Amino acid sequence: MMNNHAGFRASYLFPPLIGLGGILSMIGISKLISHGQLPTFSITGYPHLNFLLTMQAFVLFVSFLALAAMYLYDRDNFRAFFRRGDVFAAARPLRLLGIGQQATWKLVGPILLILVTSVTLTVTILGFQEGQSAMSGRLVVLFPFALIMAATNAWSEEIFGRFTVIAGLEGRVRATHKYWISAAIFGIPHYFGTPGGLLGVLLTGILSWLLAKSVQETRGMFWAWFIHFVQDVVIFTAQLMILV
């Protein structure tokens with residue numbers, strides 16, 4: 001394995017390019033489905049929900065291609081990070097969030113989950129227009145789809161936005177540099193995502209930085225995926241509430 005003092009090599013661009021390619025593929029797949037150039041799976045009676053489910057299926061396939069590419073790139077780092085990780089690992093201090101010297105992810109993980117989910121809920125609620133948030137029995141029936149999409153979307157985006165960068169650049173660049181690369185790869189494309197615009201870039205960039213930190217310090221994907229999953233449950237449930 002190369003160390004941090006080996007100097008920059010062109011091969012170091014491979015992991016972030018794989019991650020960025022995965023994120024951009026989500027935009028491309030969305031457009032291809034919208035224009036009828038990819039088939040839409042007719043699973044439910046709601047065209048928009050069918051669109052979302054179809055998109056998740058294609059993106060999930062791309063995520064496995066990204067994993068295969070990363071395995072071929074560096075098998076040792078792949079094995080080191082493609083796992084649950086130590087969910088109680090020590091957390092490096094971060095004064096802005098009040099993470100002190102003795103903190104562990106046993107405490108930081110749940111606190112980060114609560115803080116991030118609070119922000120997501122606030123942004124989501126503010127995004128609703130009057131009359132769009134009415135509950136119905138149909139939402140209860142469709143809610144399992146929100147869970148499925150949240151799980152697959154969090155998986156794919158964590159592979160693209162976190163795993164490729166953290167595992168692929170381990171031993172090659174400083175940990176904090178990896179966090180910023182992850183934030184850029186994940187945050188900037190969200191200008192066109194949910195949440196979108198400059199606020200979306202800022203929020204998702206900050207979230208990406210913190211989730212990358214969790215992957216690095218726990219040497220695993222649990223906290224990053226789980227925190228991301230909960231945010232996506234909120235977002236996809238909101239979309240279903242509008243749908244029904």
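Let's start at Phe 64, a residue that is partly exposed, with a relative accessible area of 45%. Here buried means under 20% relative accessible area, exposed means over 50%, and partly exposed lies in between (1.4 Å probe, protein chains only). Trp 155 also counts as partly exposed, at 26% relative accessibility.

Before going on, a word on the model: it is predicted, local features need pLDDT of at least 70, side-chain atom pairs count only at pLDDT 80 or more, and totals for chains, interfaces and linings use all residues. Residues are numbered from 1 along each chain as its sequence is written, and side-chain values use heavy atoms, leaving out hydrogens and water.

The pLDDT, which is the predictor's confidence in each residue from 0 to 100, has a mean of 90 over the chain, and 91% of the residues reach 70 or more.

Now back to the rings. The structure holds 14 aromatic pairs. Rings of Phe, Tyr and Trp (its six-membered ring) pair if their centres lie within 6.5 Å; planes under 30 degrees apart count as stacked, over 60 as edge-to-face and the rest as tilted. Phe 64 and Trp 155 are a tilted pair because their ring centres are 5.8 Å apart and their planes stand at 40°. This pair links distant parts of the chain, with Phe 64 in helix H2 (residues 47-73) and Trp 155 in helix H5 (residues 137-168), 91 residues apart. Helices are DSSP runs (H or I, at least four residues), numbered from the N terminus. Both residues belong to one aromatic cluster, together with Tyr 71, Phe 78, Phe 82 and Phe 163.

Key. Helices (H or I, at least four residues) and strands (E, at least two) are DSSP runs, numbered from the N terminus.
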